[in-house]
Amino acid sequence: MNMPDDKLFPQSADNRELSIVANQITKRFGSFTAVDHISFDVKKGEIFGFLGANGAGKTTAMKMLCGLSKPTSGKATVAGFDVTTQSEQIKKNIGYMSQKFSLYEDLKVWENMRLYAGIYGVEEKVIDSRIDEFLEQLGLQKEKNSMVKSLPLGWKQKLAFTVSIIHKPGIVFLDEPTGGVDPASRRQFWELIYQTADKGITVFVTTHYMDEAEYCDRISIMVDGKIVKLDTPANLKKEFAAKNMDEVFRLLARKAIRN
Amino acid sequence: MKKTAHSAFYSFAIKEFYHIFRDRWTTIILLIMPILMIILFGFAITTEVKNAKIAILDPSQDAATHAIVNKLGTSEYFIIDRYLHSKNEVDEIFKEGDIGMVVVFSENFYENMMHTGNAQIELIADGSDPNSALTLTRYATALIASYHQELLATPELQMPFQINSEVKFLYNPTLKGAYNTVPGVMGMVLMLICAMMTAVSIAREKELGTMEILLVSPLKPITIILSKTVPYIVLSLINLGTLLLLSVFALKVPIAGSLWLIIFISLIFIFVSLALGLLISTVAKSQMVAMLISGVILMLPVILLSGIIFPTESMNLFFLWLSKIIPANWYISAIKKVMIQGLGFASVIKELSILAGMAILLVALSLKKFKVRLS
């Protein structure tokens, strides 16, 4: 059996509240082990990068953390709730955004926000002020009544992110949120992520872009269903004597057997 | 807790209405097409018959037969084209094709009418065109009945008598169900809206990727399904109303039976259709596929096998059997009984129980499939 992963990885010294605790979680589909005994902690307000090549098991791991599928073995808590037994509570306390934006193109900006506020059970009397508050942060007040399909892609992406945290969750999961967006918009998007983390919302993000990995507080790298590295970008670069994260990633992912 | 579930459902159902009314084609399909369909089918299939050529075979040649022939000939519906001399000519004359009906009197018609109180007229029509055959014989029967009434009203008449007009269709003897397009169109429209639109709208969420977001959200699968289907139930009921109004006022097809019973039967059929739509959506990954499956599996058999266009009686055994598993057929049959024939609840128990059985089976199956897909 594997050694407990948390012995391998240095924990940062501060005692912030933990948002996500994964302990040896495993997912098997028949004889195939998609996620193989992974363990990690994510602290409140942390930006945690979840990296790995396609097929490394990122999506499966993320699905378990979101309460969409149950681990075959191991334990994990998200926002203090057990992923195996309390998936309903987890769903209420997390936000989720994927590469395919969650927005409905034939709905107006505020209608999209209202819809998700309703779905996530935001109190009726605060919905309107919440919508205005978030639109102001985005600087999109003028677009409140625009149809989403008329917005440029970068705006849609920021809006999709805002919609995913409309209920002010403790954690937001971002599944390759910047796919297909130009570099300038990606920078702006990361500013938004920083603002969110500053408010104490934990950000769990998967990405393909290695320059984005540098923006994370800590990153984990998955290869063949296992977490092979978990550290701050600076420490990882030092360890591998690499110029940037791209090099680190290539050195690690080269060992992959699966593709 | 309960309040949040309610407001989630409400937000979601409202959104569904936005989708429907902001897309011009969806709106047209949902609200205008039913009207077009009933007008098209209603008027195209049940055309008024005027000045149809008929032939007479009258071996009696007495006062009564002359009076009846005269009544037929002077009506706006018929033109007496020729007189026949023997029954052997009947077959020949239909093969020529321009004669729509042959009226055959029995021998000694007047004698029989007066003494035995019983006289025979045979109305023979070409059943291969069932709709006009039915219309022609209906008109003729009505004219003969009115002659009968007039005679009965004359004071010098000593004893009551009967004229038996016997209707006979060549090539398609029973002719049941070829007519009555209104129930057929109702079946088609409800099936189209509930099944196809539900399937397409769920497939659309999958295609756009929003389904993924909904599954991560705290919405329960049952809430997703309900809020996806309730808008279409509402629209179906609106359409049901439009169709009934049109059939009463534009097509002059009266509602003979109970309106509530019609609505009740329709609701059960709506559930069957919705369940079928859900089932299709669990298989279809894109809107196109959902549309094709609904079109081919649902609409085509309904149009072809429900008796709207081709009478079910002339089908071979395989298709007859096939037509029995099509929910729309049971619905159409029940609606015909209630709406056209004015029969009550007891007469449609069979149809209702079959439809209810199908509804339960399909809802259970699609819920199960929907849940399986989630995990």
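How many residues does the contact take from chain B and from chain A? In this predicted model, 22 residues come from chain B and 21 residues from chain A. On the side of chain B that touches chain A, two elements give two or more residues, namely α1 (2-22) and α8 (210-216) of chain B. Of these, α1(B) supplies the largest share, 10 residues. By residue class, the side of chain B that touches chain A divides into 10 nonpolar, 8 polar and 4 charged residues.

The backbone of chain A holds two further points of interest. Most residues other than glycine have a negative phi. H37(A) has a positive value, with phi near 45°. This histidine is found in strand β2, which spans residues 32-43 of chain A. Is H37(A) buried or exposed? H37(A) has 20 other C-beta atoms within 10 Å, and a residue counts as buried at 20 or more, so H37(A) is buried.

A241(A) also has a positive phi, near 50°, and is likewise a residue other than glycine. Where does A241(A) lie in chain A? The residue sits in the loop between α9 (233-240) and α10 (245-253). Around A241(A) there are 9 other C-beta atoms within 10 Å. Because the limit for an exposed residue is 12 or fewer, A241(A) is exposed.

H37(A) is buried, whereas A241(A) is exposed.

How values were computed
Residues numbered from 1 in each chain as written. Chains lettered and ligands numbered in written order. Predicted model: local features only at pLDDT ≥ 70, side-chain atom pairs only at ≥ 80, totals over all residues. Helix = DSSP H or I, 4+ residues; strand = E, 2+ residues; numbered from the N terminus. Contact = placed C-beta atoms within 7 Å. Nonpolar A, V, L, I, M, F, W, Y, C, P; charged D, E, K, R; others polar.
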